[in-house]
Amino acid sequence: MKGLIIKDIMCLKKQLRTFSFVLLGVFVLALMYVLSARFGNIAKAGADMLLDNDLTAVDVKNIGSFVLLIFMIIPLSAVLDMTVIFNADGEAGFNRISSSIPLSVPKRLLARFLTIYALFGIGIVVDTVLAIMISSLTDMMTFGELMGTVVFFASFLSIYGALVVFFNILLGYGKDQYCQVFAILVTVLAVVLLNLKKLIVVWKVAVLEKEIELNVWGWLDYIKTKAWVVLIAAVLVSAISYGLSLYIAERKRGVI
């Protein structure tokens, strides 16, 4: 199983090289932004908007937090395209001989899942270092809030990753674009269904009262404080995806 993980990582060698440059750029830009928000032009712009009553202090802080969220999600999203592994296997013909490997189907499938989650693990480690640097230079977000956002986005992207693996096992080589589209559609559909009652209320208000009242920054508070909800969902989706993928792989006589 260790050899399969190494093989998968080698398939991502070009992507990991790009990932390294992205990380360097994120660290530099995040440092410049935080210093400017505390001592430079961004801090001055925020003070001017407060004086002109264009924004409240909460709005200024939340806008700054939103920018920080973008910096935190980049290291995770930079390793998002895991279809490269399936494409490399298909081009090399590995998927046709994988069933002959003296390793059980569950272990071969587990190696694929571990590779993908290991990539997200690298992103989490990088984000942790980034969170330490940011929280030590600004009070816009605490270290706990920054790590909450890391867990939230890592869990959300893990759900997407688990679905991509499932659809790749289901559809086979050469269908990577469909796999990504289906994974996005299922994720979006799940989010809509889980928030269906709220959406219905908003729709009724919009139709009956001809206005929409939104909590502009409510979603930001949810990301910072409710990451455990998405983490539990990610664990459940990953387990279900693994089980269904294993069933399909065994039906295909171990072709992964």
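Guide: This is a predicted model.

Visitor: What makes the pair of Tyr-33 and Phe-71 tilted?

Guide: The ring centres of Tyr-33 and Phe-71 lie 5.9 Å apart and the planes stand at 50°. Rings pair if their centres lie within 6.5 Å, and planes under 30 degrees apart count as stacked, over 60 as edge-to-face and the rest as tilted. The angle of 50° is therefore that of a tilted pair.

Visitor: Which parts of the chain does this pair link?

Guide: The pair links distant parts of the chain, with Tyr-33 in helix H2 (residues 13–39) and Phe-71 in helix H4 (residues 57–77), 38 residues apart.

Visitor: Why is the pair of Phe-152 and Phe-153 called edge-to-face?

Guide: The centres of these rings are 5.4 Å apart and the planes are at 90°. Since planes over 60 degrees apart count as edge-to-face, the pair of Phe-152 and Phe-153 is edge-to-face. Both Phe-152 and Phe-153 are buried.

Visitor: How many aromatic pairs does a search of the whole structure find?

Guide: The search finds eight aromatic pairs. Ring pairs also link Phe-166, Phe-167, Tyr-178 and Phe-182 into a cluster.

Visitor: Why is Tyr-178 called exposed?

Guide: Tyr-178 has a relative accessible area of 52%. Exposed means over 50%, so Tyr-178 is exposed. This residue is placed in helix H9.

Visitor: Which residues form the nonpolar patch on the surface?

Guide: The patch is formed by Leu-170, Leu-171, Tyr-178, Val-181, Phe-182 and Leu-185, with about 530 Å² of accessible area together. Helix H8 (143–171) and helix H9 (176–194) each supply at least two of its residues. H9 gives the largest share, four residues.

Visitor: How do you know that Ser-238 counts as buried?

Guide: Its relative accessibility is 13%. Buried means under 20%, and therefore Ser-238 counts as buried. Ser-238 is located in helix H12 (residues 227–251).

Visitor: What does the side chain of Ser-238 make with the side chain of Tyr-117?

Guide: The two side chains make a polar contact at 2.6 Å; the cut-off for such a pair of N or O atoms is within 3.5 Å. Not counting residues up to four places away in sequence, Ser-238 touches Phe-113, Tyr-117 and Ala-162.

Methods: Residues numbered from 1 in each chain as written. Predicted model: local features only at pLDDT ≥ 70, side-chain atom pairs only at ≥ 80, totals over all residues. Heavy atoms only, no water. Patch = residues over 30% accessible without salt bridge, like charges linked within 9 Å, V, L, I, M, F, W, Y side chains within 5 Å. Areas by Shrake-Rupley, 256 points an atom, 1.4 Å probe, with all protein chains shown as cover. Salt bridge = Lys/Arg side-chain N within 4 Å of Asp/Glu carboxyl O. Buried < 20%, exposed > 50% of the residue type's maximum accessible area, 1.4 Å probe, protein only. Phe/Tyr/Trp six-rings, centres within 6.5 Å; stacked < 30°, edge-to-face > 60°. Polar contact = N/O pair within 3.5 Å; in protein donor to acceptor, adjacent residues only side chain to side chain. Contact = heavy atoms within 4.5 Å.
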